[in-house]
Amino acid sequence: TMRKLWVCLCCVLCLSACTAKVKDEKVPQVLQEYKKYVNAAHAQIIPNPIQTDAFSPYANSSEAYYRAMDYVIAHGAKTNGEESVTQQEALQDVEDVFFTLKALYGKYPIYGDARFQEAKQMVDKQIKKYAKIKKTVLGEVLRKQLSFIEDVHFQIDFEPLHESYTMYCEQGVHYQKKAYVKKKDGYYDQSNQKRIVRIHKDADLAAYLKPVLHKDGSISYQLFYRSRKNITHLSMRYADGSERKVAMEKVEQMKRSEDILTEKIVQGIPYLHITKMIYPRASDTYAQYAETFLARAAQFSQKPLAILDLRGNPGGNAMLSYAWSHSYAKQRISGYGTRILRLPLHEEKFKQLMDEETDQSLASLLEDGNYQKHDNLLYIEEPYMGKKLIENKSMLLVLQDETSASASEMLIDELHTMENVIFIGMPSAGAISGSAMSTFYLDKSGLQIMFGNLYGDFPEAYASEYEGISPDIWVQGKDVLKYVKELLN
């Protein structure tokens with residue numbers, strides 16, 4: 001169905017905000033002070049210049065676009081296909097993959113025709129070794145040759161192109177323990193009072209030592225390391241030439257919640273946890289969750305302090321993210337990422353295609369998302385370019401973890417452009433440069449392919465694919481709520 005094909009677009013009613021006066025009395029002094037530091041850091045993020053040159057050669061005609069769309073729609077239903085296909089059938093499937101990628105894939109122009117053609121030649125060469133080829137082997141060949149693509153959303157046969165990272169922390173070190181401190185001349189290990197010069201043979205200590213705010217207003221640092229390999233120890237070298245091996249363990253995530261929406265009061269502060277960005281009009285049950293979620297945005301903006309928990313939220317409906325930030329900010333806002341859609345939005349045929357589905361609304365993409373037409377097949381949402389952060393009289397604590405992805409990260413990005421928003425937890429998933437527009441099954445083999453029509457471009461020091469957006473305060477997922485309670489107590 002078309003529902004699966006698009007970053008879901010939905011019309012939402014912004015609920016009127018309550019008019020309670022905002023006072024600062026409920027905001028602990030430690031957060032009053034820390035917000036100044038966080039605001040200054042967020043205000044220094046500079047978006048990348050918008051680069052559309054790469055897209056120009058791919059924006060000439062919508063004919064190829066519609067042929068590719070027709071293929072995707074016609075092959076949208078899951079088919080088992082054959083366990084093995086002939087060489088000729090496999091070559092035809094490969095032809096179809098690369099044709100649809102060129103016409104529809106958001107990041108195709110970023111890597112360019114030459115890179116994809118080189119990959120296709122390698123795939124064809126591999127296939128020609130077989131008279132018949134197993135579906136699983138075809139999937140492996142495609143995945144290997146397309147591994148130059150960095151895109152969490154991209155799937156072949158329900159598997160991503162790359163493994164995700166695992167986050168490690170120092171064994172047995174709790175956020176309450178002030179393990180490392182920063183002085184004028186560098187970072188010190190509190191266990192032996194020695195100055196650190198290298199971690200893992202690397203002099204860039206800030207890449208490993210991450211800040212945690214304490215109730216007394218001090219900031220200490222904890223050791224974190226992200227890797228695709230299994231890590232048991234990291235080496236730490238000191239200024240006196242000595243070394244210590246630091247035992248590492250996997251960061252523990254929060255226990256998964258089965259509920260879509262959870263509301264409660266935490267230390268007198270309103271708390272809202274949403275575990276997926278839902279399609280508000282998909283059913284009455286979902287509509288109720290979406291309406292409650294949006295109503296709280298307007299209410300939170302009137303509170304001195306509120307908590308939005310996005311841990312364990314893998315994303316979903318991008319329009320819900322837009323609508324929430326707009327309702328909270330009382331204006332349409334963009335994040336620091338540039339978003340480019342390969343989409344012929346204003347063409348009649350496309351409008352018909354979209355409007356057949358009740359869960360989709362073309363109007364809301366143009367209204368809620370700040371997309372502007374660039375040319376025949378390109379729409380751009382420009383990043384926030386303001387010299388100062390957007391004014392916010394209230395304060396919001398946003399909780400995030402390694403599973404906060406896609407549409408959740410869109411909301412995290414947008415809220416970075418507002419004053420007094422503090423992010424606590426672990427770096428998000430890093431599903432930011434692509435989207436999950438279409439899932440379809442190849443004609444002969446039935447191999448599943450998934451990719452999107454969106455390209456998100458972010459300043460590298462702020463956000464990147466697979467590595468996500470870092471929090472302001474680093475706390476393991478399982479401890480985040482406990483940490484916040486202690487801070488507010």
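# Notebook: a look through the model

**Y238.** I started in strand β11 (residues 233-238), where Y238 sits. This is a predicted model, so I am reading computed values throughout. Is Y238 buried or exposed? With a relative accessible area of 2%, Y238 is buried, since the cut-off for that is under 20%. I then listed what touches Y238, skipping neighbours within four places in sequence: D189, N192, K194, R195, I196, V197, E243 and R244. I also checked Y187, which is 51 residues from Y238 in sequence, with the two C-alpha atoms 9.9 Å apart in space.

**Whole chain.** Next I stepped back for the totals. I count 13 helices and 26 strands in the protein. Of its 489 residues, 56% are buried. I also looked at contacts between residues at least 6 apart in sequence, and 78% of these join residues at least 24 apart.

**N392.** Back to single residues. I found N392 in the loop between β18 (378-381) and β19 (395-400). How accessible is N392? Its relative accessibility is 5%, so I put N392 down as buried. Its side chain makes a polar contact of 3.1 Å with the side chain of Y328. Leaving out neighbours within four places in sequence, I get Y328, M418, E419, N420 and V421 as the contacts of N392.

**Positive phi.** I went looking at backbone angles next. Most residues other than glycine have a negative phi. Two entries for the list, then. D157 is not a glycine, yet its phi is positive, near 55°. I placed D157 in the loop between β3 (155-156) and β4 (159-160). At 23% relative accessible area, D157 goes down as partly exposed. S406 is the other entry, with a positive phi of about 55° although it is not a glycine. I located S406 in the loop between β19 and α12 (407-415).

**Helix α7.** I took the helix at residues 135-145 and noted its buried residues: K135, L138, G139, V141, L142, R143 and Q145. What covers them? The cover includes β1 (84-86), α4 (87-104), α6 (113-127) and β2 (132-134). Strands β3 and β4 are also part of that cover, and D157 lies in the loop between those two strands.

**Helix α13.** I then moved to residues 480-488. In α13 the buried residues are V480, L481, Y483, V484, L487 and L488. Why do I say they line one face of the helix? Looking down the axis of α13, I see the buried residues fall within an arc of 155°, so they line one face.

**Largest pocket.** I left the open space for the end. Rolling a probe the size of a water molecule over the atoms shows where empty space is left. The largest pocket comes out at a volume of about 1,100 Å³. I find 36 residues lining the largest pocket, and the closest to its centre are A206, K210, A461, S470 and W474. Which elements give two or more residues to the lining? My list reads α2 (29-43), β9 (209-213), β10 (219-227), β24 (463-464) and β25 (468-469). Sorting the lining residues of the largest pocket by type, I get 22 nonpolar, six polar and eight charged.

Methods: Residues are numbered from 1 along each chain as its sequence is written. This is a predicted model: local features need pLDDT of at least 70, side-chain atom pairs count only at pLDDT 80 or more; totals for chains, interfaces and linings use all residues. Side-chain values use heavy atoms; hydrogens and water are left out. Helices (H or I, at least four residues) and strands (E, at least two) are DSSP runs, numbered from the N terminus. Buried means under 20% relative accessible area, exposed over 50%, partly exposed in between (1.4 Å probe, protein chains only). A polar contact is a pair of N or O atoms within 3.5 Å; within protein, one must be able to donate a hydrogen and the other to accept it, and residues adjacent in sequence count only if both atoms are side-chain atoms. Contact means heavy atoms within 4.5 Å. On a 1 Å grid over the protein atoms alone, a cavity is a set of points where a 1.4 Å probe fits but cannot get out, and a pocket is an open set with protein on both sides within 12 Å along at least five of seven lines; lining residues have an atom within 4 Å of a point. Grid points are joined across faces, edges and corners, and a volume is the space filled by probe spheres set on the points. Ala, Val, Leu, Ile, Met, Phe, Trp, Tyr, Cys and Pro count as nonpolar, Asp, Glu, Lys and Arg as charged, and the others, Gly among them, as polar. The arc is that of the directions from the helix axis to the C-beta atoms.
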